[in-house]
Amino acid sequence: MQNKGFVIVLTLIVTALCVYYLSFTFVSNRVQQDAIDYATDANGIIDLGKKQAYLDSVWSTPVYNLFGAEFTYKEVKDNELSRGLDLQGGMHVTLEVSPIDIIKGLTGNSKDSAFVKAIAKAQVRERSSQERFSNLFFAAYREDNPGARLAPVFASTATRGRISLNDSDEQVISVVNEEIERAIDRSHTILKNRIDQFGTSQPNIQRLPGTGRIQIEIPGADNPARVRKLLQGVARLEFWDVIEPNDINSSLMAINAALVKEQQLQAIKPVKEDKPETTQVTDEQQPDALSELERQLQSASVGDTTLQSLDSLQNLGVSALFARSTPPGTFRYAIRDTADINRIFRRADLKSLLPRNVGVYWGNKPDKDYGPTEGLQLYFLDLGRSGQPKLTGEVINDARQDLDEFARPSVSMTMNAAGTRIWAKMTAEASSKTPRGRIAIVLDNAVYSAPYVNGEIPNGNSQISGNFTVDEAKDLANILKAGSLPAPTKIVEEAIVGPTLGKLAQNQGLLSSLSGLALVIIFMIIYYSKGGIVANIALLFNIFFILGILAQLNASLTLPGIAGIVLTIGMAVDANVLIFERIKEEIAHGRKLKDAIKVGYERAFWTIFDSNLTTLLTAFFLFMLGQGPIKGFAITLMIGIVTSFFTAVYVSRVIVEWMTRKGDASNISFDSFISRAIKKRKQFEFVKNSRIAYLTSSAIIVLGFGLLIFKGLNLGVDFKGGRAYVVTFNKPVVATDLKIKLSETFDNAGTEVKNYGTNSAVKITTSYLIDDDSDLADEKVKQTLIEGLQTITGKRYTDQDSKLDDEHFIIASSSKVGASVADDIKNSAWEASLFSLIGIFVYILIRFRKWQYSAGAIIATVHDTLFVFAAFSIAGFLGLSYEVDQVFVAAILTIIGYSINDTVIIFDRIREYIGFGATHDKHKIVNDAINDTLARTIITAGTTLLVVVVLLLFGGQVLSGFAFALFVGVVVGTYSSVFIAAPVVLDLDKSESAKKEVKKVAVTA
């Protein structure tokens, strides 16, 4: 094997990186277990508030020492393999920025009847269109006002300098669309700042490309009302005068002295009480020590280097206010110290030492240049007597990223007349100070910038310069626009998963993973003997690499992601099966063991490459076009495909060659009594019986789609919109009884009630108030549900999982999907499927250079997809109702990839036999290729079905539809590879040959 050394080194490097990143997960779990132990009382009851208090207390404290490098709990959480909301509970929210309010704001809230009418018409059209709202508005305005120009409508004080009365419609449209995009970016920046201050670990916020939506995930969020208020609140942009520390020197010194005195007393007293005979500092010595300390403080000033002497007091456990900042007296603190500093300024006795007009604020983001750890700057702001800011964001007309006189990134800002007058006074006062004064720009109680003022700014046109990057300047410009052009957001999709349901999903995922892994390991050893052990070692490396790479990429492991790992376990052995079957064939042809191993790996390489690449294509389109949990599944699947290729093709070969390095065949074998029995089977006429397969498939698909028309599919809330709730009782309930009575409660709106995993839990889906995305509607639907269930069951609702008993019920999870989001999800599902098929067609055409192969593969794939839909329809008719949701889409695309995988391997063997110059007819070539790869096809299907059945049995209700679709898909995909795909290629090839023969005869005649 060439490059063996490189493979070994690369494996060691990847292993080391995976160990490094996964170590943070183990440390995080240890800290969380410590928190649970701390919060558990004598009766075994966990006080969640006490647990959270423990975690908060260690948030900025070092908890992990790795070769001398210390990591705080926050840093550990940032680097751990995070779990998705479905595995730990939390809240998922998709917000949509309202372009209507932005367009109204740009016109100065015009009351023009033509403008108002066009807005109303666009709102109606938006409900059934995927077009951008701005485009719908412009189209509606032009329809109702042919020949009218847009510039007079949008030329207002809000657009001064950007839109003039002479601008063309195209120029106006460009400015409006640009402002909408900036508003979305601004909302993203503001929301990110708020989420970062929410106090939860690993929040995730991202813009959804091509939409005006922002997606947010907050693990562990247990107060949905607080989250909604936080996300939808109006941004508060304020301008305050900065008070320099030297201006309040005496107050800060008094606070510092009180802290040092207090901490020195605490350090001295335990020593005296515990070890009086070895006390080094006595009561008589204490006043002298404190007097000396006070003398130092009184003679020092803020920022004075003499304050560095306070570091020596650390020997006594002293942590003074100034000594903890770096450099001392600069009020820049390590992240881990900020909680302590907050406690200092919250204490009434210490806060009273500051003047009443002084407010304490943190900078909005860590200082990367702070030192070995990130730090935050502490600011003191002049709140005046009233506590009201002199200026707010409403006075700003425009702000944009610019360049200063030295070509450095800066921010240009203009104000309206009222703001200009106040700004002139503020800047005049600040610039007259010695040294120069500063004005802080504060958003949601965090200081974004505090620039020095060089002189009075009389005209309201300001330029803010500083050590900005271009992105930082853009962010600040967005922040400054927050007040002048607000971009209201509404929640269009929401999912809340309770901790109990998350824990259940986590246990089910772990059980299905371990069970599937165990079954595959046992099977491979039984079938391939010592070769199976090699495949299992490669498989374990593969799983380890998947988890390690997920941690490195800071990706979340979700329940669909676990399904991806379980599926990868079944599919990962496919490459080793191909290789081992090839080696056995080469040995049967008379090659020696070492030579057979070499040739087997070489001949299997491109077959494995082709099959993996086609599956990777479907995973890629699933990632690009999928939403929510589907992305987690796609990421896991893509990583799994790459790592399984590496471990099966390279790692296993290193192990096999090491075992046979002396040419001793006794060290390894690829045979067992089962494999020998399968090898003795008779040849089957697949091509001859393909017509029967065509008819059978057609009959089942027609039957399924006939039932589909009659009854329809059980669409999840993802695809039809609405609200869904998982309600848990302590005793079994009858779902059909609940459905009848709840339908009346919801004013006969579409309502479905189904048991969810057990007879004591139900999933309730309703379209009641589906067109209303407001928080009030959300609360009304929830209260209606609670009141209805209380009336029907006689039980009471509780929001605490621990209080679930015979007299109470809980809402374990809830979700909401707006109609527009549901349409987007359906469209993205169609697009992902279509692009996957196109990509596969093109790749197979390139690799096999005959359109018949591409057509055969696509026909077989479409056949498998239709068969799965038919199976769902038939299952629903028989009483097995599986939900069709986003996870189902993932299953369909996985089936496409799996089916293509099988098909490509048979195509590869057909091409190989034709390349060998086989003289027998194509009918026999195709049949021989199918038979010669049949062992591999059966084994791969068998191992995959093992894990799919485990998913179906133990994966839980969330994955039941996914597992059922995969079960049908794997069986049908295997069947279509041998009975549909290859025979179709033969039929199309015959048809092409017949046409050529007819043309040839016609030309001769």
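Reading the cavities of a predicted model

Author: The structure holds 4 cavities of 30 Å³ or more. It is a predicted model, in which local features need pLDDT of at least 70 and side-chain atom pairs count only at pLDDT 80 or more, while totals for chains, interfaces and linings use all residues. Residues are numbered from 1 along each chain as its sequence is written, and side-chain values use heavy atoms, with hydrogens and water left out.

Reader: What is a cavity, and what is a volume?

Author: Rolling a probe the size of a water molecule over the atoms shows where empty space is left. A cavity is a set of points, on a 1 Å grid over the protein atoms alone, where a 1.4 Å probe fits but cannot get out, and its lining residues have an atom within 4 Å of a point. Grid points are joined across faces, edges and corners, and a volume is the space filled by probe spheres set on the points. Here the largest cavity contains about 140 Å³ of space.

Reader: Which residues lie nearest the centre of the largest cavity?

Author: Of the 14 residues that line the largest cavity, Met571, Ala572, Asn612, Ile641 and Ser644 lie nearest its centre. Helices are DSSP runs (H or I, at least four residues), numbered from the N terminus; H19 (559–588), H20 (593–625) and H21 (629–659) each supply at least two residues of this lining, and H21 gives the most, with 6 residues.

Reader: Which helices supply the lining of the second largest cavity?

Author: That cavity, with a volume of about 80 Å³, takes at least two lining residues from each of H20, H27 (819–848) and H29 (886–915), and H27 gives the most, with 4 residues.

Technical notes. 1 Å grid on protein atoms, 1.4 Å probe; cavity = no way out; pocket = protein on both sides within 12 Å on 5 of 7 lines; lining within 4 Å.
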